[in-house]
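This report describes the salt bridges of one protein model. The sequence and structure are shown first.

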Amino acid sequence: MMKIKAWADNNLKGDPVIWAVVFALSLISILVVYSATGTLAFKHMRNPESYLLKHTVLIGVGILAMWLAHRVDYRYYSRISRLALWVSVPLLLYTFTNGVSLNDASRWISVPIIHATFQPSDLASLALITSLASMLSKRQQNIADFKESLIPILIWCGVICGLIALTNLSSAILLFLTCMLIMFIGRVPVKYLAMLVFVGGLAGVVALKFGVRAETAKSRIESFVSGDDLPFQSLQARLAVATGGITGKGPGKSQQRNILPHPYSDFVYAIIIEEYGMIGGVVVLVLYLILLSRGMKAVVNSERAYGGLLSAGLSFSLVLQALVNMGVVVGLGPVTGLPLPMVSMGGTSLMFTGLSLGIILSVSRGETDTSWKDSSSLVKNMARA
């Protein structure tokens, strides 16, 4: 036991509570996805254990990305994020015009050599949040200067959110709300936040006019508001929740997994409640709320504005996505197609979630690791640039 603790102290830096939350969510993910992929395995005539192995490997990739990201001084991400923003623009445009369609949505780019798919919106979201935190931290002394400080921020928020909305409206809305939060914490005047709302609304109108998801979004919102004609997946998800009870039916005993579309991704929370009951659902909710509180803690404890804004933005983005996913399952919102971070089966989603968590850990590590406080002048100059 002492050796394990010593190894963890040497290799798992940063907030130990965040590490514990991630490992708990990963274990839940492996158990529930294994149960939920039985029908998928039968449909493709494959062994269910093959999906278990694949998902476990992807969880490991996400944790590896998290571990690698937390070993890097978070101030380096300021420069990397600007490059990632410029790369994201052509990738998002290419996705809109030549994207691969999966699950009735064209949000992916096919990677030919490794025969995998990549979702550019994940990269763009991470890049925008990181860049926005950097831009705001460097402009704290003249934050009220509209021309010098706010115009670049408004342009980038409008461009990235608008391009994502062309193929993924729900992700664009969540990213826009995250930008609003970061700017509010970054002391941006309220009148300029109103201008951001205007820019976001304009980008949304353009996306609805020229994007590929306008009719889908309209029909889902109308179905949710009226409540008369529930989508098939919403109805089956509510049945899973209703039959789960307090303690659930037990691991691997879900019945709705055989009926519910995508029970291993978009609606994995329904399987959690059906098999583990309201207790299991509350446990998952509490884990995300703990993650949010630990991420927001950096706003108070960070010695640098960049670290606090970065940690707050990334943690809020992840937890807001989780809350939306869970809200859809229990009938509190229209169907969105957003995965449950670190739980739903996926490839790029798990990797970029791991990167985001690793950056949050890097911020928390930077406040306690004395070796990072005496970093090189190069990093200090990068932080001021």
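With which residue does lysine 249 form a salt bridge?

## Basis of the report

The model is predicted: local features need pLDDT of at least 70, side-chain atom pairs count only at pLDDT 80 or more, and totals for chains, interfaces and linings use all residues. Residues are numbered from 1 along each chain as its sequence is written, and side-chain values use heavy atoms, with hydrogens and water left out.

## Lysine 249 and glutamate 274

The partner of lysine 249 is glutamate 274, and their closest N and O atoms are 2.8 Å apart. Lysine 249 sits in the loop between helix 11 (232–244) and helix 12, whereas glutamate 274 belongs to helix 12; the pair thus links distant parts of the chain, 25 residues apart. Helices here are DSSP runs (H or I, at least four residues), numbered from the N terminus.

Glutamate 274 counts as buried because its relative accessibility is 0%, while lysine 249, at 23%, counts as partly exposed. Buried means under 20% relative accessible area, exposed over 50%, and partly exposed in between (1.4 Å probe, protein chains only).

The structure holds three salt bridges, each defined as a side-chain nitrogen of Lys or Arg within 4 Å of a carboxyl oxygen of Asp or Glu. In one of them, aspartate 15 pairs with arginine 294, with the closest N and O atoms 2.7 Å apart. Aspartate 15 lies in the loop between helix 1 (2–11) and helix 2 (16–36) and arginine 294 in helix 12 (residues 268–301), so this contact ties together parts 279 residues apart in sequence. Aspartate 15 is buried at 8% relative accessibility; arginine 294 is partly exposed at 26%.

Aspartate 73 and arginine 75 also form a salt bridge (2.7 Å, N to O), and both residues are buried.

Conventions:
Helices (H or I, at least four residues) and strands (E, at least two) are DSSP runs, numbered from the N terminus.
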